Amino acid sequence: MELDSLYQEVILDHYKHPAHKGLNPIFSAQVHHVNTSCGDEITLNIELVGQRINSITWDGQGCSISQASVSMMSDLLIGKRLEEADVIVKSFSELMASKGTSAGDPEILEDAVAFAGVSKFPGRVKCALLGWMAFKDAAIQAQTNE
Ligand code: ZN
């Protein structure tokens, strides 16, 4: 596998300077997800205020794709309403299922279109999706807890 083609600068930048890393003790739900095929781990806290995502914080370890993806996702989703977040998560999931045939919608995904190339590598798709699946799970739990 040509790693260089996967690692766009924006991905490396998020890996080196992760956004919203470090768990906020105030949260509506906390989840822990692992990607056993690569050894990636993420703990994610979500705090809802009504239907709005007030904070997403996380901690984790693993490959640069998994860590950069959750960092970028946090940037994208904080401050959004849950219904807006659903659209973004769905769009990213579709991009990851595209097997390299989609470039992603930059109006919805912003910088996260940098992961488009990852969809060509089935082994890495799970890395990129780990944080997003954790968010989905946390959002459901947070609404159940209310
Ligand atoms: Zn990984």
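In this predicted model, three strands form an open sheet in the order β1-β2-β3, and their pairing is antiparallel. At the edges sit β1, covering residues 29–35, and β3, covering 52–61, each of which pairs on one side only. As you step from one strand to the next, the twist averages 20°.

Helix α6, residues 122–145, lies across β1, β2 and β3, and runs at about 155° to β1.

Another helix to pick out is α3, which spans residues 64–77. From its first C-alpha to its last, α3 reaches 20 Å with its 14 residues, close to the 20 Å expected at 1.5 Å a residue. Helix α3 is mostly covered, with 13 of its 14 residues buried. After α3 comes G79, and its phi is positive, near 90°.

Let us stop at one residue of this helix, M73, which is found in α3. Is M73 buried or exposed? Its relative accessible area is 0%, and because anything under 20% counts as buried, M73 is buried. Which residues does M73 touch, beyond those up to four places away in sequence? They are L44, G131, W132 and F135. M73 and L129 are 56 residues apart along the chain, yet their C-alpha atoms are separated by 10.0 Å.

For another setting, go back to the sheet and find N54, which lies in strand β3. N54 has a relative accessibility of 30%, so it counts as partly exposed, since that class lies between the 20% limit for buried and the 50% limit for exposed. Setting aside neighbours within four places in sequence, N54 is in contact with E47, L48, V49 and I78. The side chain of N54 is also joined to that of R52 by a polar contact of 2.9 Å. Finally, compare the positions of N54 and L77: 23 residues separate them in sequence, and 9.3 Å separates their C-alpha atoms in space.

Definitions and conventions
Residues are numbered from 1 along each chain as its sequence is written. This is a predicted model: local features need pLDDT of at least 70, side-chain atom pairs count only at pLDDT 80 or more; totals for chains, interfaces and linings use all residues. Side-chain values use heavy atoms; hydrogens and water are left out. Two strands pair if DSSP finds at least two bridges between them. Helices (H or I, at least four residues) and strands (E, at least two) are DSSP runs, numbered from the N terminus. Axes are lines fitted to C-alpha atoms, for helices over the stretch in contact, and angles run from 0 to 180 degrees between N-to-C directions. Contact means heavy atoms within 4.5 Å. Buried means under 20% relative accessible area, exposed over 50%, partly exposed in between (1.4 Å probe, protein chains only). The expected span of a helix is 1.5 Å times one less than its number of residues. A polar contact is a pair of N or O atoms within 3.5 Å; within protein, one must be able to donate a hydrogen and the other to accept it, and residues adjacent in sequence count only if both atoms are side-chain atoms.
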